[in-house]
Amino acid sequence: LQHIDRTNVWHPFTQMAEWAQQDQLIIESGKGNWLMDTEGNQYLDGVSSLWTNVHGHCVPEIDKAVQEQLAKIAHTTMLGLASVPATELAKRLVDILPAGLTRVFYSDSGSTAVEVALKIAFQFQQQAEKGDSDRIKFISMQNAYHGDTIGSVSVGGMDLFHATYKHMLFQGEKVITPYCYRCPFGKDKSNCDHECFQHVEDALEAHGSTAAAFVIEPLVQGAAGQLMHPEGYLTHVRNLCTRHNIILIADEVAVGFGKTGTMFACEQENITPDIICLAKGISAGYLPLAATVTSEEIYNGFLGNHEEFKTFFHGHTYTGNPLACAAAIANLDYFENNNVMEKLQPKIAHLQNRLTAMLELKHIGEIRNRGVMTGIELVQDKATKAPFATAEKIGHKVCMEARKHGVIIRNLGDVIVLMPPLSITLSEIDLLCNATTEAIKTVTE
Ligand code: PMP
């Protein structure tokens, strides 16, 4: 066994997590959908290493592309220069994104992809009014998670992550998130009248004229606990944004690159946002990369008569890094050459069958699923939907128990998150579901 001194590593989110006090697994290598730690144990990567490694680990074709790029050049600036991979990737993205999204701006994380989108939207609105626009607010969703930078936190809505920084944040309006299992409007399936649709309509009626943009995680609010918006909600928001001249920013950082069963979530409602944010799966978990993609209309909106607004004042040093872009191109090649999205459909069906069977468990209140994105909400009492006491940390315990069965999963409170790589096999889906079932039973029954 290797001795590894862990003293100097500061893990994200540590103090609030119970595992801050515990030794972390140290991962040494990965292969396919599996992770190997320094002690020789192997684990199925049930959450694609934080929703990024869509084809698993050490994918030979992507390894090769990165190595070949490394032999040419690892980094060059995008400031006044361009690189071959960055240029090619922009074209490739435009080819597969919803039609009309044509201008690609790179950055290096999901948070910065959102930050860039906010600045583009704000600047576009200011330019349109010669710097005098009242459209200075952002409308976003309660419980949303858009990243950790100040802008992305400002449009986020998870108290757990954001309350500490509240005095640093810019103000905006938050729309109540649809959550059918615990309807915030007090309804259930029998008497639902789509109050959440009316609510967002009212919010835009009230704040539409002072808003620059509306920010949304399309279809699934991931970090909120895999909350799935009702069918048609995204279309409704798209239409409202058009009606009120608000820019629609779709944050596809989590849902993008196949995870909801289509390449991009927006495809499922056939809508085109004005700006889309991409990260995580864009480079298949190889290197940090993000892209914010917008339309000709918005891009050209910067080219007005006002000098001070003509430049987009944003650019990170590693913007469009050639190694990351080479990985992203190889990722898109892999999707195409291996018919990943086609082969995914029977896997989703199998996963859904297995999940339906799991609903029998005494302490599973609801299972939410779209594609491979899955949230299993644990409750203390199924009939009343009463949650477990927070202090019990049931969700966390389930994840630790699952490790004993060789599976890495995550929890968001008492919602267990499964988000396996698209490359997961049917038997690995069985293993994932069996381990999760056993872990839930052991901890809750
Ligand atoms: N947006 C969404 C929807 C996310 O889920 C995340 C990360 N979980 C982010 C933005 C932030 O991405 P990153 O951690 O790469 O900054």
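Where does Lys-280 lie? Lys-280 sits in the loop between β11 (275-278) and β12 (290-295). Strands here are DSSP runs of E with at least two residues, helices are runs of H or I with at least four, and both are numbered from the N terminus.

This is a predicted model: local features need pLDDT of at least 70, side-chain atom pairs count only at pLDDT 80 or more, and totals for chains, interfaces and linings use all residues. Residues are numbered from 1 along each chain as its sequence is written.

**Lys-280 and the annotated sites**

UniProt, in an unreviewed entry, places the feature "modified residue: N6-(pyridoxal phosphate)lysine" at Lys-280. UniProt positions follow the numbering used here, feature names are shortened, and annotations may be inferred rather than shown by experiment. Lys-280 is buried because 28 other C-beta atoms lie within 10 Å. A residue is buried with 20 or more other C-beta atoms within 10 Å of its own, exposed with 12 or fewer, and partly exposed in between; C-beta atoms are placed from the backbone. Leaving aside neighbours within four places in sequence, Lys-280 is in contact with Trp-51, Thr-52, Gly-110, Val-253 and Ala-254. Contact means that the two C-beta atoms, placed from the backbone, lie within 7 Å.

The unreviewed UniProt entry also gives the feature "binding site" at Gly-110, Ser-111, Asp-251, His-316 and Thr-317. These span 208 residues in sequence, and the farthest two C-alpha atoms are 22.7 Å apart, so they do not all gather at one spot. Gly-110 lies in helix α4. Beyond four places in sequence, Gly-110 is in contact with Gly-147, Val-253, Cys-277, Ala-279, Lys-280 and Ala-290. Thr-317 lies in the loop between α10 (307-310) and α11.

| Residue | Other C-beta atoms within 10 Å | Class |
|---|---|---|
| Gly-110 | 28 C-beta atoms | buried |
| Ser-49 | 18 C-beta atoms | partly exposed |
| Thr-317 | 10 C-beta atoms | exposed |

**Around the ligand**

Which residues come nearest to the ligand? Of the 14 residues around it, these are Ser-109, Gly-110, Ser-111, Gly-147 and Ala-254. A residue is near a molecule if its C-beta atom, placed from the backbone, lies within 6 Å of it. Helix α4 (residues 110-128) gives the most to this shell, with three residues. By class, the shell has six nonpolar, six polar and two charged residues. Ala, Val, Leu, Ile, Met, Phe, Trp, Tyr, Cys and Pro count as nonpolar, Asp, Glu, Lys and Arg as charged, and the others, Gly among them, as polar.

**The core**

The largest nonpolar core has 120 residues, and Ala-121, Phe-214 and Ile-249 touch the most other members. Such a core is a set of buried Ala, Val, Leu, Ile, Met, Phe, Trp, Tyr and Cys residues joined through C-beta atoms within 7 Å. Helix α11 (residues 322-337) gives the most to this core, with 10 residues. Domain 1 (18-59 + 339-444) and domain 2 (73-337) each supply at least three residues. Ala-121 touches Ala-212, Ala-213, Ile-247, Ile-249 and Ile-275, not counting residues up to four places away in sequence.

**Backbone and distance**

Two residues other than glycine have a positive phi. Ser-49, in helix α1 (residues 48-51), has a phi of about 45°. Ala-284, in the loop between β11 and β12, has a phi near 55°.

Gln-42 is found in strand β3 (residues 42-45). Gln-42 and Gly-375 are 333 residues apart in sequence and 24 Å apart in space, C-alpha to C-alpha.

Terms used:
Domain bounds come from an automatic or database domain assignment.
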